[in-house]
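Have a look at the fold, then read on.

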Amino acid sequence: MDNAPVTLFVCVSCREADTNPEIRPGRLLMDRIAAALEATSETRLVAKSVECLSVCKRPCTIALAAESKWTYVIGDLSRDVHVDEIVAAALRYRESETGIVPWRERPQSFRKGVIARIPPLNK
Ligand code: FES
């Protein structure tokens with residue numbers, strides 16, 4: 001088990017085509033993830049806002065990153081149904097040695113929504 005701190009980046013600028021342009025689903029997703037993390041005692045998983053991950057056509061988008069691990073970019077996430085999955089997947093990512101979580105252990109939203117994985121810089 002690897003306990004390196006994990007950063008969960010959440011794009012707060014993401015919009016959905018069919019929602020009021022004043023509403024930022026990405027911001028709502030960030031708020032809900034932050035609340036879910038606050039309800040736990042997690043200190044090694046931190047959610048951070050980011051203005052854009054350049055995957056604007058697949059809202060909402062997040063990225064998982066940690067030292068010495070692969071970085072994952074995931075899209076097509078819903079603020080209404082995926083918050084618990086995102087937090088659980090981020091915790092599983094944190095436990096993994098390389099950041100690569102076995103396919104069968106990833107939530108469906110991560111299997112379908114994966115956009116990119118980027119290798120660690122220092123390995
Ligand atoms: S606005 Fe969210 S990825 Fe660009």
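Start with the sheet: five strands line up in the order E2-E1-E3-E4-E5, forming an open sheet with mixed pairing. Strands here are DSSP runs of E with at least two residues, helices are runs of H or I with at least four, and both are numbered from the N terminus. Two strands count as paired if DSSP finds at least two bridges between them.

Keep in mind that this is a predicted model, where local features need pLDDT of at least 70, side-chain atom pairs count only at pLDDT 80 or more, and totals for chains, interfaces and linings use all residues. Residues are numbered from 1 along each chain as its sequence is written, and side-chain values use heavy atoms, with hydrogens and water left out.

- Strand E2 (45–50) and strand E5 (114–118) sit at the edges, so to speak: each pairs on one side only.
- From one strand to the next, the twist averages 15°, using axes that are lines fitted to C-alpha atoms and angles that run from 0 to 180 degrees between N-to-C directions.
- Strand E1 (residues 6–11) runs parallel to its partner E2, and six bridges link the pair.
- Look for Val10, which stands opposite Ser49 in E2.
- In general, strands of a sheet pair through backbone hydrogen bonds, either parallel or antiparallel.

**The core**
- A nonpolar core is a set of buried Ala, Val, Leu, Ile, Met, Phe, Trp, Tyr and Cys residues joined through side-chain atoms within 4.5 Å.
- Buried means under 20% relative accessible area, exposed over 50%, and partly exposed in between (1.4 Å probe, protein chains only).
- The largest core has 28 residues, and Leu8, Leu29, Ile33, Ile62, Ile86 and Phe110 touch the most other members.
- At least two core residues come from each of E1, helix H1 (25–38), E2, strand E3 (62–65), strand E4 (71–74) and helix H2 (83–95).
- The top contributor is H2, with seven residues.
- Beyond its neighbours within four places in sequence, Leu29 is in contact (heavy atoms within 4.5 Å) with Val10, Cys60, Ile62, Ser78, Arg79, Val83 and Ile86.

**The whole chain**
- In total there are three helices and five strands, in the sequence pattern β-α-β-β-β-α-α-β.
- Of the chain's 123 residues, 41% count as buried.
- Among contacts between residues at least 6 apart in sequence, 69% join residues at least 24 apart.
- The C-alpha atoms fill a box of roughly 45 × 30 × 25 Å, taken along the principal axes.
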